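Work through the exercises below with the coordinates open, and try each task before you read its solution.

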Amino acid sequence: MPLEIPKDKWPGSVRTITIGATPEEGGTRACTVTVGGETTMPFLHFEGEIPHRPVVAIEIRDRRPDDWSPLLLETWGEVVNDPAAWAKAAEEAGADLIQLSLSLTDGDGETTTPEAAVAAVRAVLQASGLPLMVFGPGQAAVDNQLLVAVAEATAGERLVLGIREDKNYRTIVATAMANGHLVNARTPMDVNLAKQLNILISDMGFPLDRILMDPTTAALGYGIEYGFSAMERLRLAALQGDAMTQFPMLVTPGFEAWKTKEAKVGEDVPAAWGDWLERAVHWETLTAVTLLEAGADILVLRHPESVRRVKAAIDDLMTVREVEAVA
Amino acid sequence: MALTGIQIYKLLPKTNCKDCGFPTCLAFAMKLAAKQVELSACPHISEEAKAVLAESASPPIRLVTLKADGYEVKAGNEVVLFRHEKKFYHKPGFFIRERDDASLDQIRERVAATDAYTVNYVGMDLTLDGFAVESASGDPTTFSQAISAVRAVSQRPLILMSRDPGVMAAGLQAVNGEAPLIYAADADNWEAMADLAKQHQAPLAVFADSLEGLADLTQKIKARGVEDMVLDHGARDLGTSLARNTVIRRLALKKTFRPLGYPIIAFPGDAGDAAWEAILAAHAVAKYAGFIVLDHTAPEMLYPLLVLRENIYTDPQKPIQVQPGLYEINDPSPEDPVLATTNFSITYFSVANEVEGAGLPAWLLVTDAEGMSVLTAWAAGKFDAERIAKDVRRFHVPDKVHRKRIVIPGHVAVISGELEEELPDWEVRVGPREAVDLPTYMKEALV
Ligand code: B12
Ligand code: SF4
């Protein structure tokens, strides 16, 4: 009996977004990264188009992080003291693009200055030709100060500037608009809040092909199911034609997974948790792969081994095979 | 899918005899479609119609249960493609595979260890579900010996794996009286395997490397009298298995396509590589597998997989929560501090585990924050000064504590002023943001 494969016909699709600009395009990047364009739920090649593969970014910092797991510091070694060297190492570790997180304070406990932030960004841009995303430390006032300076100093690069929710979007969107950058719109795990922020941003006249949305995720064991479902719902809404959800999704499984006790702590934990390093890498990898299945387009990771594994998963999921033919 | 009133009407005698208490057969059919009456109210319905109606009422994905000695693993009976639409009901069973070419001592040792594996996650003890024993030797005696070795150390449900009906018969004999999952019937052996399944009243896994082949086989096997089946569609990579699992679930749920209306079994272990196995298994959890057979048993892989399974299968409408109340940690005295937190399970256990693990005595005031985390509850107005003060009184905290010190999470430092107003005779302290830092804080700042 011939079997009819049930296919959903979706009226909508995800927007295609390009990050980074080459010299011809007004920037200095050696390559650009394009994400989005899906016309179906994740990796259902039999039903629609998935023209661009999800990509992996590696998160680096402008200075040695105070609160990172010793496992990460050990893996990266000396480069954590130098954002330029770190960027190069991230590129070698297989990153498709780089996410630079600016710290709230410098090594002496003073609030990071705009000059220091710009210097760090410049150093990274010089060291690596990959497209770059720059996120503020997460306090609206400081974020504004630092990101505006960075945006102005790097006009035309098509960087992604991290926005934290609705608090500071106006300033960041305005500077992104003036200087030819993109924004990452972050909201706390809620379809309506995500839509609302996207509407606010587009109401400012910001070009829709320069918005990424970050629906916020949580690590495995710490609420991943909320993020997973928020993402599935956002992607379904996008495919159903809701224009204000049709943006590629960026998520930060590295940040979330490496915050957990499972990844951070090696001693005095139950024997049933097993080997520390491998556990931590599984924590990050499985968080990332689960979110990939929910529609993530950009995954920001921290450990090189997780990057390798997640990229292998993406390779597999992007290989187009007939549903009826076994690979 | 359930039949409509009109479809049901066509199956009724159409005599309008009123014996069912309704004026017409059509009226009865409508009530039946709305599930407001029982079919048995009509005494005149034919056996044939009864069978059709029973079939239409059965779930689109058959519920398959593996039982053994008080253990039970259920798969199937799912009703949605996405968990937010309702919820995913039956957590996929994790089975660890043993092959009969290993020595019996090795098998016993490994099985005893994995059988005992348990890890605590937010107050729940998570374990694996059972074992798969595979005939690698092809020899019936070796197979049954391996099975007996597993049974000697674990009573959990089993999956027996061989394509050779003779070998399978020997295996089934080794656990006579049980109904393990038989893996697998295929295009060549299905008749003999179906007969074994019938004889032992055991569920039967069916293998074909195409969905069409699978649908053909399940229909033939069903016609031979086997009801409980499990599907192996043959794909072992991420991409094809995602596509096939999705198509199977869609056909079952949207088209009530019975030939594929069974739970799916996945073999991430076939990958060979432990890291890749973990990824395939996570994918199987998120995307529709009912049984998952693993080969590696490293705790650092089992723990995240067990947690992922809990997460994906929680009810999206109901966060996992603990009972609000005043909890005693390490036998506190009236002089020890009160720590305020919420009743979201993950929050409660991150705090309780830290304090308990550090051996520090404290009163943990678990407020009724409707199962939300500290910041979520605060943002939603469910963890504010008023609510905390209310629960201080509701749980009679002043009766138990003399030295009135209450510590609030660092994330909600902003409410400390209001809480001082609500609890005038209390000393309100702002603790660290993360629970990991609580022991140090308690030792240094709470003396
Ligand atoms: C999962 C989540 C949700 C889930 C709910 C999960 C749940 N059951 O609570 C959902 C999706 C439903 C949700 C909803 C909302 N959320 Co929410 N959510 C999160 C998320 C991603 C994780 C929260 C979590 O589970 N953390 C883990 C637990 C264990 O953390 P915790 O409870 O804080 O406990 C830790 C510490 O506080 C400490 N601790 C706990 N107790 C105590 C006690 C003492 C004495 C001490 C010292 C320490 C201590 O120890 C724990 C471990 O370190 C966070 C962002 C993030 N990544 O953190 C946002 C977040 C909490 N949500 C936020 C918001 C705004 C909301 C909403 C209002 C928005 C909306 N969507 O409408 C709603 C409110 C809910 C409602 N109206 O119904 C904001 C809060 C912002 C703020 N500062 O006000 C956050 C921070 C996201 C953000 N960055 O904006 N959310
Ligand atoms: S008892 Fe049966 S046959 Fe008689 S009216 Fe009711 S449905 Fe029709």
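Predicted model: local features only at pLDDT ≥ 70, side-chain atom pairs only at ≥ 80, totals over all residues.

**Exercise 1.** Determine which chains surround ligand 1, and describe how the residues of its shell divide by class.

*Solution.* Begin with the count: 38 residues surround ligand 1, and the closest are B:Thr341, B:Thr347, B:Ser373, B:Val374 and B:Glu434. Next, look at the chain letters of the shell; residues from chains A and B surround the ligand, so the site is shared between chains. Finally, sort the shell by class, which gives 22 nonpolar, 9 polar and 7 charged residues.

**Exercise 2.** Find which element gives the most residues to the shell around ligand 1, and list polar atom pairs between this ligand and chain B.

*Solution.* First collect the elements of chain B that each supply at least two residues of the shell, namely strand E14 (338–342), helix H12 (345–357), helix H13 (374–379) and strand E16 (405–408). Of the elements, H13(B) gives the most, with 5 residues. Then turn to the atom pairs: an oxygen atom of ligand 1 lies 2.8 Å from a polar backbone atom of B:Val374, and an oxygen atom of the ligand is 3.0 Å from a polar backbone atom of B:Ala435.

**Exercise 3.** Identify the residues around ligand 2 and sort them by class.

*Solution.* The surrounding residues are B:Pro13, B:Thr15, B:Asn16, B:Cys17, B:Lys18, B:Asp19, B:Cys20, B:Cys25, B:Phe28, B:Cys42, B:Pro43 and B:His44.

**Exercise 4.** Classify the packing of helices H4 and H5 of chain A from the angle between them.

*Solution.* Helix H4 (residues 140–153) and helix H5 (residues 169–179) of chain A pack at about 5°, with their axes 9 Å apart. Because angles under 35 degrees count as roughly parallel, H4(A) is roughly parallel to H5(A). On the H4(A) side the contact is made by A:Asp143, A:Asn144, A:Leu147, A:Val148, A:Ala151 and A:Glu152, and on the H5(A) side by A:Thr171, A:Ile172, A:Thr175 and A:Asn179. By class, this contact has 4 nonpolar, 4 polar and 2 charged residues.

**Exercise 5.** Decide whether A:Gln99 is buried or exposed.

*Solution.* Locate A:Gln99 in strand E4 (residues 97–101) of chain A. Its relative accessible area is 2%, and buried means under 20%, so A:Gln99 is buried. Residues touched by A:Gln99, leaving out those up to four places away in sequence, include A:Ile58, A:Met133, A:Phe135 and A:Val300.

Key. Residues numbered from 1 in each chain as written. Chains lettered and ligands numbered in written order. Heavy atoms only, no water. Helix = DSSP H or I, 4+ residues; strand = E, 2+ residues; numbered from the N terminus. Buried < 20%, exposed > 50% of the residue type's maximum accessible area, 1.4 Å probe, protein only. Contact = heavy atoms within 4.5 Å. Near = heavy atom within 4 Å. Nonpolar A, V, L, I, M, F, W, Y, C, P; charged D, E, K, R; others polar. Axes fitted to C-alpha atoms, helices over the stretch in contact; angles between N-to-C directions. Parallel < 35°, antiparallel > 145°, perpendicular 65-115°, else oblique. Polar contact = N/O pair within 3.5 Å; in protein donor to acceptor, adjacent residues only side chain to side chain.
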